[in-house]
Each structure stands twice: as C-alpha cells, then as structure tokens.
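Welcome, and thanks for opening the viewer. Let's take a short walk through the model, one selection at a time.

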Amino acid sequence: MWALLQNFIIGIQTGAVYALIAVGYTMVYGVLRLINFAHGDVYMVGAFVGLTLAARMGFATAASIPGFTLIFFFTLAICAVLGVAIERFAYRPLRRAPRITALITAIGVSLLLEALAQLIWGAAPQYFPTMELFRLQPVRIGAVELNAKYFLILFLSLFLMTALWFIVTRTRVGKAMRAVSHDHEAAALMGINVNRIISVTFALGSALAAAAGLLVSAVTNVKIDPLVGVMPGLKAFVAAVLGGIGNIPGALVGGLVMGVAEAFVAGMAGGKFSTWRDAIAFILLILILIFRPAGLLGRATVEKV
Amino acid sequence: MDPFKLLRSWPARIILLLAIAAGLYFLGNYLGNRQAFNPYHFRIVMLIGIAIILAVSLNLVNGVTGQFSIGHAGFMALGAYTGAALTVYGQYRFLPPLAAASPLVQQGALVLSMLLGGLVAAVAGFVVGLPSLRLRGDYLAIVTLGFGEIIRVSILNIDAVGGPAGFSGYSNPEHGRIVIPQLTTFFWVYLTVVAVILFSRNLLRSTHGLTFFSVREDEIAAEAMGVGTVRIKVTAFVMSAFFAGVAGALYAHYDTYLKPDSFNFLRSIEIVTMVVLGGMGSITGAVVGAAILAAAPEVLRVWLGELSRQKAIPSQLSPDLVRQLLYSLLLIVLMLTRPQGLFGGREVSLKGLFQRRERIPR
C-alpha cells in the first residue's frame, strides 16, 4: 500500500517533467502541425547550458537562491533563442512544403543538435555537483519517506505550467497564439503577425523544455550527455499525444498519466519489470492511438475533403 | 528484332536470372579471396549490399506508398535475432554443427534463417501496419517508432539472446560454446539485392503497383476510386518488413555479434536518410543512397584517421561524430534545397540507357 503511494508520488514527479516538455510539443504542433523532433534536444541543451553557467559562476555561488535564479533565467533565455533560431532557419522555409519534408528536417535538426553538443561538451557524461540549496530534509507521509527534491521539481513544474496557462489564456499574445493554431490565414487577415506568433510559440516551448532539463539535472544530479534528451523527448511527445495533441491541459494530464504508468511498471513485483519502463510509453501510445486517436482530452476532428 | 522484346520472353528471363546468379557466384569467389581482393574493401561491399536491401525495402513504404516509417531497424532486429537464434539453438537439435558442416548444409541453414527471419519480421510488419486503419501521416510515423523501440526493449529482456550484453552464442552443457556461425556470403547478399530490386520494380510496373502510388498521391481520391487503402498500406509494411528481416538475418551471420543498441532509432533514421538522399520512390535512388551512406563511414574512418594523425583536426572529431554531423546536415540541406532527393523519383533502367529515360508515374 505504502509502496504504491511512493510509486505514485515518484510517478507524478516524473510526469510533471514530461508534461513540461510535452507542452512545447503540443504548442508547436498546435501552430505548425509539425512534430518538432528537436524539442527533446533543447531539454539536453538546457541542462548543458545550465551546467556551463553554473561552472562559470562557481558552484558555491550558483547554489544560492539568487545565483540559481539567475542561471535559471539565463538558461531559459538562451534556449528560447535557440528554439526561435531553429524555427527561423529550418522550419520556416518549409512551411508550405509537405508535412513529411518538415518532419525529416526536424529529425535532421535533432541529430545536428546532438552532434553539436558532443562537439562542444564532449560525449562523456557530466554531472552537477550536489548543491547545498537542494540538500533537503526528507518528507514523511505515513510509512513512506520521500526525498523532498521530488516535490521541489513537481511544484516548480506546476508553477511554470500555470504561468504558461496564464500567458495563453489571459494575454493578447496568447489569444493570438490560439487564433494562429486555429487558422493561419484567418489569423493573418485579422492583423496577427503569424511569423512573430510562431516565433513566440517556439521561444516559450523551448524555454519550458530547457527549464525541465536544468531542473532535473541540477536538483537530482542525474547524468548529462548529448543523448540525454532523446528518451524524455520521445516520451513527452507520447504524453502530448496521450492528452490530445495541441491541447495544453492535455499535455499535463498525458504527462502525469505517463509518469505514473512508468513508475508503476518500474516498481511492480519488486522491480522485476523495471527494464520494461522504456517500452510502456510506446505501448500506451499505440493503445491510445488505436482506441482514442484524438487523445484523452482532445476532440476528434472531421477530415474535410 | 528488338533485343528488348526478346528479353521479355520467359526462357530468356530464366536464362538471364541464371546468368546473374552464376555471375554473382563467381564474383563472390573472386572478391572473397583474400589474396585477390582487400578483405577490408570486401567488408564494405558486404555492408553496402545489406544497406541496399534495407533501403530498397523501406522505399516500398516511405517512397512508394507515401507512409513514413521510422522503425525499420526494429524489423531488421527481429530478422537478425530470429535468424541467429535458429542457427545457434538449432545446432545439435535439427541442424548439424555448422562450423564443421559442408558448404551446402551451411548455405541451406543460412537460407532457412533468412526465410524465418523474414517471416517473423513480416508478421511484425502486419501488426505495425494495422494501426494504419485509423492513423495516417505523422501519427503512423510515431507508431512505427514506438514499435521499433518496443522490439528493442523486448530483445533487451530476453536472456536467451543475451539481453543488453549482446548475443554471440551460448554455452551448451554437452557441446561447449556454440556461437553464431559466419555463414553469409557475397552470393546470398547480392542475390537478395537482385531479388528485392526486381520485386520492387515488377510490382511498381504492374497495375497493382499503381494502387500503391495512388495511396501516396491522394488517399481520399484513391479510396473514392475503389482502392483499399488500408490493405495497400498493410501489404507495403509486410513486404518491406520481410526484406528487412532477411537483411537482418544476413547481417547476423556476417557480423556474428548482435546487440540491441545497434538497432535503435538512429539506425532507422540512417535507413530513412538513404532513401531520402536517393529520392523517395526511386529504386535506383535507394540503391545509390544506400551505397553512398554505407560506404561513407568507412571512407571517413580512414580519411579522418589520417587527418587526426597529422593533427590537422581536433581529436574529438571522431568518425561517428562526423558521420552524425554529415547525416543531419545532409537531411536538413536536402529538405531545404532538393526535397526530391538525387533521383527525384526517376529510375535508371537498362532500356533507358539505350533508348530514352523512363519515368515512373508520380
């Protein structure tokens, strides 16, 4: 019973990270109908950029609250610029091309980012040192003792997603984003600068992916290498499809469902099935696509001829 | 009399095929001879052959039917592991010890494992094709990716084929260690190459082949014309997976060491790049793309090794890294400047060389 609860909480935490990445997928799919394969690699770049900035600043300073906040926002800004640049140079020229062409380009951009990261930071895994800031007291719930790091990541992710939700639903830019995702041409006729809105979408999505990469690697000290974004990226995409692609609350629900499913598979029968962890995401994906292709929260669309 | 008309008669075709087979046999004997031909170059020739089978078979799905599969390595993995498991666990059961067997028995075992590997992969292809009942475009692409990953993770979890450590054989309590026999010969690789090329070409020239193109061009219009689009897509997946499985079995009995990670997402993308480079839908393109991209890493290895010995380039530019840089830039630049690839759906045919360029309807 308590073990179940523990798995559930770990799953929620992982799921929140997936959701954070999935939001970027879902927003880009919403405005461009493109699976941005390079999105997972922005997560990786976020982790590396954060590590580099922290090392420059000195880990002692970086471990203070103002220090880490500074690093956090710089990393987000750099990755937002990266996202905008990717859209500008790789995807914009192909906006009128068949979707498969854009998809192949996205795969190319993903491979290119991995190769460039290897060139800049090397292939050997790197780690954030354990920072005082994140050495937290464990939290006890009944018989379960949980690392407070999980809650920190969970709350920060939820906070960022709430901020995004506010931008999308309560601001003029957000309204323009929703209009563009509905219909490019009609939005342009209403005086919306579609190119600018697409850039903003990429900036926001990339910033959130970078935030996920930085938080996970700085708080839990997991390894950072050029391929570290591939799996979270693919799984976050699955989460986005699970919740209904193009739908931001759907990304959150999808991410949490995926995270919990993974944690249960990993914890089932004393960890006997933990190696199947990576497969469960895709099994879920295939099931949802067969039985409810629009996703949990998505609306089925009728194809017009 | 028109020489091409003569070639079209049945006896002439059979004679031609036998001549090709004999030619391959003697060529294989020459190339496989270590004194006559550099064994390192021979390895490249073999890898190119296997890459051609993979690319031409993927072209059936990605190029001809207009679907987008990014899980081809999964089918190859199934063929490789099934084929290898057959020749490893079959020994002393229904196969004689293969290392000491006569060449004829060895070849028979190889063909058996090619067929079994192909069949198992074809069944998986059927399963992967089924979601196309409801899905199209990029969703289907993600499903193929997912299936590829599921296959890889499943193999990781089967201890009988080595799990994450890789598979090269097992220790039999009675007979000692039994390894994957190196059975693959030039003859069988290139006979499969000829088979997959002829199969694709004949299919695309038939009325049946036109229905595949129609699915690519406009699914809704095809459906309206009475084409069973789901059937066509599933058929394309099954045929494509079969040849990928055969290629896997050939690869398994060439390298004799398999590990799940060599059949990952990147491997699938490599095959996609071959097809895209050559031009989706063109068999000639797939062959040329496969040959270029299978030879490139080996050429790069030599070239970069030389450059880094002279300290002309930084040491972190490993061949693998340069290969990935090359692939990614190739994909992006091709899509931005020449999305139709090198051949753009055109074919080079024997007839075309003598008469006029032929164009498969697009």
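Select chain A and look at its contacts: of those with a separation of 6 or more, 76% join residues 24 or more positions apart (two residues are in contact if their C-beta atoms, placed from the backbone, lie within 7 Å). This is a predicted model, in which local features need pLDDT of at least 70 and side-chain atom pairs count only at pLDDT 80 or more, while totals for chains, interfaces and linings use all residues. Residues are numbered from 1 along each chain as its sequence is written, with chains lettered from A and ligands numbered from 1 in the order in which they are written.

You will find 12 helices and two strands (DSSP runs numbered from the N terminus: helices are H or I, at least four residues, and strands are E, at least two). Along the sequence they run α-α-α-α-α-β-β-α-α-α-α-α-α-α. The C-alpha trace of chain A spans about 55 × 45 × 35 Å along its principal axes.

Now bring in chain B. Here 35 residues of chain A are in contact with 31 residues of chain B. On chain A, select α5 (99-121), α10 (230-243) and α12 (277-291), each of which supplies at least two residues of the side that touches chain B. Of that side, α5(A) gives the most, with 15 residues.

The mean for chain B is 86, and 94% of its residues reach 70 or more. The model scores ipTM 0.84 and pTM 0.88.

Technical notes
pLDDT = per-residue confidence, 0-100.
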